[in-house]
Amino acid sequence: MSYILLYKNTLLKIKKSLGRYISLLIIIMVGVGFYAGIQMTTPDVIKIADTYYKEQELMDFKIVSSMGLTDDDVSALKLLDGVKDVVASYSLDVQSRGMVIRVHAIEEKVNVVKLSEGRMPILDTECVADNRKHKVGDIVEITDKDMEDKIKNTEFTVVGLIESALYLAEDYGSTTAGNGKLSSFIFINKDNFVLEAYTEIYIIAKTGNGIAAYSNEYKVFTVKLDEEINRIKSDRESARYYEIYNNASGIIAEKETELNTQKAKAEKEFYDAKKELDTNSKKLQEGKKELEEQERLITETIKTQNEEFDLAKQQIANNWKEINFALSYMGLTQETLDLAIDDLNSTIAYMQMQLEGLPVDSIEYATISNAILESLEQLEIVMQLKSGIDTLSVQERQLDEGIALFNTEMEKAKKEIENAKNEILTNEKKLSDGYIEYYSNLAKFNTEIADAKKQLEEAKDELSDIDQPAWYIFNRDAAVGYAELESSIQIVATVATVFPLFFILIAMLMTSNSMARMITEERGELGTLTSLGYKDRNIVSTYLLYVLSATGIGAVAGFFIGCNIIPQVIWSNFVFRLPPLVLQYNMQTFGIIFAVTFALMSAVTIVTCIRELKQKPAALLRPPPPKHGQQIFLEKISFVWRRLSFTWKVTIRNMFRYKKRAFMTIVGVAGCAALLLTAFGIHDGISGIGQKQYGDIIQYDNMIILKTETNAIDKELKTFLDSQQITDPLLIRQSAYKIEINKKTLETYLIVPQNNEGFEKYFNLKNSTTKNHLTLNDNDVVITQRIAKVYKIGNNDVITIKDTSNNRYNLTITGVAENYISNYIYINAQTYEEQIGKQVTFNTIVSNNKAEDISSSELTENFIDSGFAINMFFSKDGIESVRNHLDNLSGVIILILVVSSILAIVVLYNLTAINISERTREIATLKVLGFRDSETNAYIYREAIILTTISIAIGMVIGILLHTFILDLIEINAISLYKNINWISFIMSGTITMAISILMQAITYFKLKKIDMIQSLKSVE
Amino acid sequence: MVPLIEFKNIKKEYVIGDVKITALDNCSFSVDKGELVVILGPSGAGKTTILNLLGGMDGPSDGQIFVDNEKVHEFSKRQLVEYRRRDIGFVFQFYNLVGNLTALENVELACQICPNSFKPKAILEQVGLSDRIANFPSQLSGGEQQRVAIARAIAKNPKILLCDEPTGALDSDTGQRIISLLQKTCKEMNMTTVLITHNTVIADIADKVIKVRNGTVKSVLINEEPKKADEIAW
Ligand SMILES: Nc1ncnc2c1ncn2[C@@H]1O[C@H](COP(=O)(O)OP(=O)(O)O)[C@@H](O)[C@H]1O
Ligand SMILES: [Mg+2]
């Protein structure tokens, strides 16, 4: 027997029931398309991201140290297992025209930039810059002061525009400079940096090309490497500490010795100077004494001499008196003496002459001789007098001369003494000047020494104050947007695992129903064919041909359309700086989908056919046994039933009678409503978390990250806070810890508030399920919900947290709090001290902010400038940034909405078609009875509306469950979303479903109008 | 007296693709108020077509139909619906009850759209089904189902009751009872009844017998003394 006719018949059938064929095809197409498309989205996105990361050599780890990094660090890191390359590099956050930009060193082996325009820098005064904010030819100027010891140039000409894998998001991340927000970036030649140590080290892991970013393998690998790095962390920190310490203490020692030698030398000099001064002073004293002695001697000499002179003068005067007396006795004066002598001599001479003529014995002689003798005697006396006068005169003259000489001598001596005195005076002046100078110099020297000593002491103090350097190890999350992309991908992946399954389930049900319906409708033909002797499998194969051709076309079309459109739609809403999406068509996935769909559809067809074919051909040729009308349960409650209007009774009874159809409607429509609600709910969950986190849970306006840890807000800080209109500041300790259970790591912050009142004010902790308020008493450990969810832990379980130095602490959970962004563990100070074993110090202030006239960025800048804070975060910015981040997912939401709507349309179209075809006779009867079109329609339509309403209600319940289920998965995989669905979402999903239902009803209306009474009632066919 | 129904030169053509089938051609007859008319003819003669036109389920290709002085042939679709609703009660060969409604509800279904309808329960009592009103069609025999159908038709208080081979699917006994019921209703309620059959025996009970062949009226026979339905032999 030739089967060609049989298959030709199939083709005819397709042509005849094109609507049904197409709806079958569309269901499969949409189902497969949605499934394949959403399945491929994650690999597609990961592929481009991973390719980009590999091409740009995105670092796997970035290490930053509070004290800089050295070549020794590089060498140490290079020795680690799993490290492929280690690159030490520089970056600086600097101010440029009021914005903070990050200046990176160009590297060839890591974080390679992607040039989109222009060229790479040749000169050190050139740079390549972020292509969003700069143009080639722009000048980038660093406006910070005192950059000499950091960077050579402060002005750079943009010669090329770039993209960098370090900046994957629209924003640039935060900084501890300026207003706390990074606004752009540039890359410059490494030579420009003149810093004493590297600012960062990049590590490229030996992951190889086989391990893709975001994959589990990648995570496992990097977690291990992270441990490795952490293992050497403290050694390297100490090494750096000692390097800095030794360096500094060496300098201090050197300075100290220098100071000491200089001091000694100076002291020696001072000593000598003093000694000389003292000697001079002594000499001067001696000279003075001597001088005084001399003066005294002279005075004495003058005195004795004058006495002697007086005596001599007296004697001479006496002598003169005697002489003068003698003279006057002789009647002479000194003036007449010589005359007297001459007279005497002449007298004598005369007498002698007279004598000579006289005889010797003459009286005359004798008289003359006597006269001569007498005269001689007289002469002698006079002569004697004369000689006395002469002698006396000589004596007197001699005396006078002596006195004069003496006086001159004495004058001279006195003069000399006077001169000596003057000299001594000058010397004394000089000496005292010398002393003054000496003492002032000494004083100066002493202060200088004291200063130098103080400086040294200070330096020594500083030395002991040198902080232990701290390494901060970042993974790729340090690339802005890397983690966001991951959580977005995770959410899509989660949705991808759940949604399409649900969808395919509905699609399969619908298809099987519509196939069963078709076969039932064609039972007459089946009967004819069997009675003609066609074997069951021949007949089944015609249906298989029908179904599988639709399945095949639908699956192929769906796969390629889905893989093409869906990733693009989702991707178009991802705002990441990544290369364009490269579509992949994974043939393995295709094969599986194709095989599964084929198998399922074949199974559905074969099962349905065989069920029908089991009947004898004769039975097949008869109409299907009429459906039995029966009382329904509700009729038993007669007081309700009686109250129902007639049409209501019919409607309700119909619904119960056509259970399968009602069931299918409910499955389809409820499924659609559930999907819509879930999609809207996820959207709510996304848009709600910002508000929930920063509006509801977190009650503070801002968070100030302090520069130095403190025990209390000191006066200075308080004054500053007041000046910035910061109110009710609460100190908290916020420190990063890791939770690690079963290889699953979760980053968490440990929050320790200074006091409970403040904590109550700013942290509105609520139990994640009961929403009861949670307090933080001694020994309380409150974790946030995602931690509980991920590790499936709760109250009284013990959680182990690990600090950055790998110290482990066990905490017993006493509460699980609602939370959406990040993970937190809250304990109070007492618990902290008990469990962590350290006195708690605070590093953060949370507070409210009264000032309205000052912008967030200004306030941040004030705080950073003040030196109190390194950055500041605002709750209201948090809401915004969460919203921006999660906008990425609107594509997925829209997709689910669209696909669910298509599903709803196809399902309802199918059901409507079935409904009408099953009830043509009934409708024709109504028409004959004179039912108006609207009444006929209402008869069917009420049923549809009620079914839709019920379906929507059920859909809402399923939706809530599905939503919870998906959100739980998302919570485990990516992020906590707000679990409450907004009432608008209920209304929206209900309305959309209802609208589709009503649209389908409109189509039904026209179909009903077309029903030909005469044809339908002719006979039973 | 003006007849209640007047069929004047009716022509009805069906066009299926390129083929034109003339179901009725130049078909004329009239029915007076309260008359029980039997249309008799072989299969394919055009009886059902006549009834369909009369029942306002379809319009003629040509000719005029007057019912109670109204030009039914000129009626729009909407007017036809109102006409069916108000003036026509229809009984089918295969009953066409709504399977999901009880006997009473099937009657109510019709009543609720007609303003001057009878009480459904009373009518069902009249057709002898007062104890089966809560039963679904599937729980009723063919004859009972047809009675429900008749009750549904007459409950509307139509001007004309149209029955298309109401006994066609029934055994003769049951059929006879149905015919009897129809005759009784017609006479008691003075309801103009047009009944199609190819069973010549039934013609005896009619006031007027219209014989149709090949789409045209062959003869119109007035039965001066119609037999009682119980009297006829099947
Ligand atoms: N809807 C229709 N389309 C085409 N032909 C029809 C239609 N209804 C009736 N006919 C044709 O009109 C003729 C009369 O049919 P009908 O009135 O049903 O005959 P009867 O009821 O006397 O057996 C038949 O030849 C039939 O094939
Ligand atoms: Mg007929």
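**Exercise 1. In which strand of chain A is the place of A:Asp728?**

Conventions come before the solution. The model is predicted, so local features require pLDDT of at least 70 and side-chain atom pairs count only at pLDDT 80 or more, while totals for chains, interfaces and linings use all residues. Residues are numbered from 1 along each chain as its sequence is written, and chains are lettered from A and ligands numbered from 1 in the order in which they are written.

Step 1. A:Asp728 has its place in strand β13 (residues 726–741) of chain A. Strands are DSSP runs of E with at least two residues, helices are runs of H or I with at least four residues, and both are numbered from the N terminus.

Step 2. Its phi is near 45°, a positive value in a residue other than glycine.

Step 3. A:Asp728 counts as partly exposed because it has 16 C-beta neighbours inside 10 Å. A residue is buried if 20 or more other C-beta atoms lie within 10 Å of its own, exposed if 12 or fewer, and partly exposed in between, with C-beta atoms placed from the backbone.

**Exercise 2. Determine the backbone setting and the burial class of B:Asn96.**

Step 1. B:Asn96 belongs to the loop between β6 (88–91) and α3 (103–111) of chain B.

Step 2. Phi of B:Asn96 is near 50°, a positive value in a residue other than glycine.

Step 3. With 24 C-beta neighbours inside 10 Å, B:Asn96 counts as buried.

**Exercise 3. Describe the packing of α7(A) and α10(A), and locate A:Thr605 within it.**

Step 1. Helix α7 (residues 482–521) of chain A packs with α10(A) at an angle of about 30°, and their axes are 9 Å apart. Axes are lines fitted to C-alpha atoms, for helices over the stretch in contact, and angles run from 0 to 180 degrees between N-to-C directions.

Step 2. α7(A) and α10(A) are therefore roughly parallel to each other. Angles under 35 degrees count as roughly parallel, over 145 as roughly antiparallel, 65 to 115 as roughly perpendicular and the rest as oblique.

Step 3. The crossing of the two helices, α7(A) and α10(A), is right-handed. A crossing is right-handed if the near helix is turned clockwise from the far one by less than a right angle, and left-handed if anticlockwise.

Step 4. Among the residues that make the contact are A:Met515 and A:Ile519 of α7(A), and A:Met601 and A:Thr605 of α10(A). Two residues are in contact if their C-beta atoms, placed from the backbone, lie within 7 Å.

Step 5. By class, this contact of α7(A) with α10(A) has eight nonpolar, five polar and one charged residues. Ala, Val, Leu, Ile, Met, Phe, Trp, Tyr, Cys and Pro count as nonpolar, Asp, Glu, Lys and Arg as charged, and the others, Gly among them, as polar.

Step 6. A:Thr605 lies in helix α10 (residues 587–613) of chain A and is buried, with 25 other C-beta atoms within 10 Å. Leaving aside neighbours within four places in sequence, A:Thr605 is in contact with A:Met515, A:Tyr543, A:Leu544 and A:Val547.

**Exercise 4. Classify the crossing of α15(A) and α23(A).**

Step 1. The axes of helix α15 (residues 659–697) and helix α23 (residues 933–973), both of chain A, come within 6 Å and cross at roughly 45°.

Step 2. That angle makes α15(A) oblique to α23(A).

Step 3. α15(A) passes α23(A) in a right-handed crossing, and their contact has 18 nonpolar, 10 polar and no charged residues.

**Exercise 5. Which residues does A:Glu818 touch, beyond its neighbours within four places in sequence?**

Step 1. A:Glu818 is found in the loop between β18 (815–817) and β19 (824–826) of chain A.

Step 2. A:Glu818 is buried, with 22 other C-beta atoms within 10 Å.

Step 3. Apart from neighbours within four places in sequence, A:Glu818 is in contact with A:Ile697, A:Lys766, A:Ser768 and A:Gln785.

**Exercise 6. Characterise the shell around ligand 1.**

Step 1. The ligand is surrounded by 13 residues, of which the closest are B:Tyr14, B:Ala23, B:Lys47, B:Thr48 and B:Thr49. A residue is near a molecule if its C-beta atom, placed from the backbone, lies within 6 Å of it.

Step 2. The site is shared between chains, because residues from chains A and B surround ligand 1.

Step 3. β1 (5–16), β2 (19–31) and α1 (47–54) of chain B are the elements that give two or more residues to this shell. The largest share, three residues, comes from α1(B).

Step 4. The shell around ligand 1 divides into six nonpolar, six polar and one charged residues.
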